[in-house]
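The sequence and structure are shown first.

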Amino acid sequence: MNLEGRRKSSNVEDRRRVSGGTIAGVGVGGTLIVVLLSLFLGRNPQDVLQQIQQQQGATTTQTEREFTQEEQELADFASKILASTEDVWTEVFKKMGKTYRAPKMVLYTDAVSSGCGNATSAVGPFYCSADECLYIDLSFFSTMKQQLGADGDFAYAYVIAHEVGHHVQHLLGTLDQAHAQMNRMNAADANKVSVRIELQADFYAGVWGYYENKTFKSLDDGDLREAIECAAVIGDDYLQKKATGGFNPESFTHGTSDQRMKWLKLGLTTGDMSKGDTFNIPESQL
């Protein structure tokens, strides 16, 4: 992905120099399982965050640290991707007769306080509609590469664009409506709505990619392959089987690998917002 000469976003809050501390009771294996089952958290993450806190008993320490060149390059990359989403969604909203309000991206290390509660890096990247921020510990990209085999700059960009997709849902009102609907449902039915939320965020990530490439000619076939392969290994069926050896469709909250690839590709190839309604079609068509 060619980002040479591109601007960085001013909507980045870097909290990495002050670490949230160590988290008791979670080793590498435990953290991986939580990450595998919590990737691309699309709904209000309060429930997951509270569960992790209760199980772990987080402690807070204040430590300053310096960054390696690789870490800073990754932060600069994330900032440029966020800037690209700002440019794309500003124009897309303008075409719809609406005004886009950009989210803030918070970079952190280990743990962070958000408008949706306290989070650890174990939950993976997430969006909080309460403060209109997306939160990411950049070490998550190493987890993607080492544990899932998902690598490449456009795969990383897809992660950020997906979370921005939830912000788009929030601005359009669909995210809050879906959350309200889920609160009135039993767990199994709420999970089905969650899948629709996540697949639409995948579609919006694809829409961003479509206009990013149309405007800047920044992508090649390898970039597109990276994103599709990433979508394949973050499907609920793939992740649950990797973590537990099996999977339970009733517990799916993000969609299968095939579904996630389908909606990402639809956004990438059409850029047509009218094709992204995942809420009003039969489940068999997801």
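## Basis of the model

The model is predicted: local features need pLDDT of at least 70, side-chain atom pairs count only at pLDDT 80 or more, and totals for chains, interfaces and linings use all residues. Residues are numbered from 1 along each chain as its sequence is written, and side-chain values use heavy atoms, with hydrogens and water left out.

Four strands form an open sheet in the order 1-2-6-5, with mixed pairing. Strand 1 and strand 5 (126–128) are its edge strands, each pairing on one side only. From one strand to the next, the twist averages 25°. Helices (H or I, at least four residues) and strands (E, at least two) are DSSP runs, numbered from the N terminus; two strands pair if DSSP finds at least two bridges between them. Strands of a sheet pair through backbone hydrogen bonds, either parallel or antiparallel.

Three bridges link strand 1 (residues 12–14) to strand 2 (residues 104–107) in the parallel sense. Here V12 has M105 of strand 2 as its bridge partner, and D14 stands opposite L107 of strand 2. Strand 2 also pairs with strand 6 (residues 133–136), in the parallel sense and over four bridges; V106 stands opposite Y135 of strand 6.

## Helix 3 against the sheet

Helix 3 (residues 69–95) packs on this sheet, where it touches strand 1, strand 2 and strand 6. Contact means heavy atoms within 4.5 Å. The direction of helix 3 makes about 165° with that of strand 2. Axes are lines fitted to C-alpha atoms, for helices over the stretch in contact, and angles run from 0 to 180 degrees between N-to-C directions.

With 27 residues, helix 3 reaches 39 Å from its first C-alpha to its last, close to the 39 Å expected at 1.5 Å a residue; the expected span is 1.5 Å times one less than the number of residues. Just after helix 3, G97 takes a positive phi of about 75°.

## Packing around helix 8

Helix 8 (residues 221–232) packs with helix 10 (residues 257–270) at an angle of about 150°, with their axes 7 Å apart. The two are therefore roughly antiparallel to each other; angles under 35 degrees count as roughly parallel, over 145 as roughly antiparallel, 65 to 115 as roughly perpendicular and the rest as oblique. Helix 8 contributes L224, A227, I228, A231 and A232 to the contact, while helix 10 contributes S257, R260, M261, L264, K265 and L268. By class, this contact of helix 8 with helix 10 has eight nonpolar, one polar and two charged residues. Ala, Val, Leu, Ile, Met, Phe, Trp, Tyr, Cys and Pro count as nonpolar, Asp, Glu, Lys and Arg as charged, and the others, Gly among them, as polar.

Helix 5 (residues 153–172) packs with helix 8 at about 55°, the axes being 7 Å apart, and the pair is therefore oblique. D153, F154, A155 and Y158 of helix 5 meet D223, L224, E226, A227, C230 and A231 of helix 8. The residues of this contact of helix 5 with helix 8 divide into seven nonpolar, no polar and three charged.

## The hairpin

Strand 3 (residues 111–114) and strand 4 (residues 117–120) run antiparallel and are joined by four bridges. A111 has T120 of strand 4 as its bridge partner. A hairpin joins strand 3 to strand 4 through two residues.
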